[in-house]
Amino acid sequence: MSADTNLTKDQPNPAVDGSELIRFDKVVKRFGSNTVLDELDFSVSSGKHVTLIGPSGSGKTTILRLLMTLIKPDEGTIKVGGEYLTHEQKNGKLVPAGEKHVREVRKNIGMVFQQFNLFPNMKVLRNITEAPVTVLGLSKDEAEQRARELLDLVGLGDRCDSYPTQLSGGQQQRVAIARALAMRPQVLLLDEVTSALDPELVAGVLDVLRDIAHTTDITMLCVTHEMNFARDISDQVLMFDAGRVIESGSAEKIFTEPEHERTREFLSAVL
Amino acid sequence: MNNGTDKWDWGAVSDFMPHFWDGLLITLQVLALGSLISFGLGLVWALAFRAPTRFIRWPVGIVTEFIRNTPLLVQLFFLYFVLPEWDIQYSAMTTGTIAIGLHYSTYTAQVYRAGIEAVPVGQWEAAKALSLSYTRTWTAVILPQAIRRVIPALGNYVIAMLKDTPLLASIGVLELLQRSRLEAAQTFQYTEALTVVGVAFILIAYPSSLLLRALERRLVR
């Protein structure tokens, strides 16, 4: 499955024409009295690999969690593929979306978590086939074949019958990546996917993600502290501070000649 | 004839044994069916505690608190002597089994609740990120993990239930205690019959609790 560009072939919106796929419009998110996102506007074109950088607490993870609909925005709207994520049009008015609408739009989005969150009660193969079978309606054989291909892609073709607890953190995270890809999402969200790993296991996971970034046209939104990785795979880097995008541009530009003082400070601290 | 206070009479023991086995069978039947009721109904309560609407959560909360905080003996009497006034009447055995199952379901509900709450929030999020349906999230992800954790605690309630089955003697169920009372009422040899029953409880309960501890070590990792 290496150099396979088929990961996206079943997508409802296969066009990777650089059109706008994700749009945040004046999104506000507060936790108690703490405003994490403050009228945030940004957009991501389809097929792009975007990395969100910035100090902790600047709202990067919140953006991914909003997109995954794990949390709801307090104000503003989010669109994915032209569809409102947490709202729907009813009689020309924009109202909070019902569970059904949210579930439908959510199918286009996959997420890999910092803590892997594999299902410990299922073997590796079943972790990957569960959603394609019960959500997408694939046959068991079809789903298993897809799962095996993905496991080969992440270098774990021989661990189908292991339980997650029998795997190292790095292996678990690679299974989690395969699990997310098995749904053939348009957008893949990567939430600090190497932060919980022992240092020697980080490279294996990043290699897999590099491979996916370079061989597929899946849109990636990535929150990471691995700046070299970000530089490698990103088409666009967004620098966050205090709930706003303070600078954005190509990886080359942000990492070599950042304009904003805060970006310079942040990069000199982490690089 | 032995007056029952002089010395231990093995003859009385062997006279009692046929009744003992009958009683043991009844006790184990009550225990098995009562356990099934408490496991099933307890899970229903536990899920109702998390229902999206308070119109389910509140009534279920009140009813289970009520049952949990009134004595099983009172509930037995109520079901057996009061309900027939509304033409709801079952055999002592059926009433006793339902009562004990219902009573213990309010305890197992708390066990399930703790087990469900112990499943990490990341599991819910992963299920959501994969668009799993509500039903699938519960049946394939949350409950298998929650129930595995609570099996030892459920087992402890089965042992507690075993020790509460003699309460059913009070409504005339012919379980172990009631058999020994009937036997002794005829022969006046209380020592033998009651001792046999007491020993029987130890012989069932103690090995069971050892078994549970072994199971706990295997399951809770």
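Guide: Two strands pair if DSSP finds at least two bridges between them, where helices (H or I, at least four residues) and strands (E, at least two) are DSSP runs, numbered from the N terminus. The model before you is predicted, so that local features need pLDDT of at least 70 and side-chain atom pairs count only at pLDDT 80 or more, while totals for chains, interfaces and linings use all residues. Residues are numbered from 1 along each chain as its sequence is written, and chains are lettered from A and ligands numbered from 1 in the order in which they are written.

Visitor: How do I read pairing in chain A, and in which order do the four strands of the open sheet stand?

Guide: The order in chain A is E2-E1-E4-E5, with antiparallel pairing. Strand E2 (34-45) and strand E5 (83-84) of chain A are the edges, because each has a single partner strand and one side of each is left without a neighbour in the sheet. Strand E1 of chain A, residues 20-31, is joined to E2(A) by eight bridges in the antiparallel sense; if you look at Ile22(A), you will find its bridge partner in E2(A) to be Val44(A).

Visitor: Which helix lies across E1, E2 and strand E4 of chain A?

Guide: That is helix H1 of chain A (residues 60-67), which runs at about 115 degrees to E1(A) and also lies across E2 and strand E4 (75-80). Such angles run from 0 to 180 degrees between N-to-C directions, with axes being lines fitted to C-alpha atoms, for helices over the stretch in contact.

Visitor: Is Val27(A) buried or exposed?

Guide: A residue is buried if 20 or more other C-beta atoms lie within 10 Å of its own, exposed if 12 or fewer, and partly exposed in between, with C-beta atoms placed from the backbone. Val27(A), which belongs to strand E1 of chain A, is buried because it has 24 C-beta neighbours inside 10 Å. Contact is a separate idea: two residues touch in this sense if their C-beta atoms lie within 7 Å. Leaving aside neighbours within four places in sequence, the contacts of Val27(A) include Leu37(A), Leu40(A), Leu66(A) and Ile78(A). By contrast, the C-alpha atoms of Val27(A) and Ser139(A), which are 112 residues apart along the chain, are separated by 39 Å.

Visitor: Which way do the residues of strand E8 of chain A point?

Guide: In a regular strand the side chains alternate between the two faces of the sheet. In strand E8 of chain A (residues 109-112), Ile109(A) and Met111(A) point one way and Gly110(A) and Val112(A) the other, and all of them are buried. E8(A) runs parallel to strand E9 of chain A (residues 187-191), to which four bridges join it, and Met111(A) has Leu189(A) as its bridge partner in E9(A).

Visitor: How many residues lie between the strands in the hairpin of E6(A) and E7(A)?

Guide: There are two residues between the strands, and Asn91(A) in this hairpin takes a positive phi near 50 degrees. Strand E6 (residues 87-90) and strand E7 (residues 93-96) of chain A pair in the antiparallel sense over four bridges, and Glu88(A) has Val95(A) as its bridge partner in E7(A).

Visitor: How many helices and strands does chain A have, and how many are there in chain B?

Guide: Chain A has nine helices and 12 strands, whereas chain B has eight helices and zero strands. For chain B the radius is 21 Å, while a compact globule of 221 residues would have one near 17 Å. The C-alpha trace of chain B spans about 80 × 45 × 25 Å along its principal axes, and that of chain A spans about 50 × 50 × 40 Å. Buried residues make up 30% of chain B and 44% of chain A.

Visitor: How many residues does each of chain A and chain B bring to the contact?

Guide: Chain A brings 18 residues and chain B brings 15. On the chain B side, helix H5 (121-129) and helix H6 (134-164) each supply at least two residues, and the largest share, six residues, comes from H5(B).

Visitor: Which residues of chain B does UniProt list as "transmembrane region"?

Guide: The unreviewed UniProt entry lists residues 20-48 and 193-215 of chain B; such annotations may be inferred rather than shown by experiment, feature names are shortened, and positions are given in the numbering used here. Residues 20-48 of chain B are 100% helix, with end C-alpha atoms 41 Å apart, and residues 193-215 of chain B are likewise 100% helix, with ends 33 Å apart.

How values were computed:
Rg over C-alpha atoms; globule rule 2.2 N^0.38 Å.
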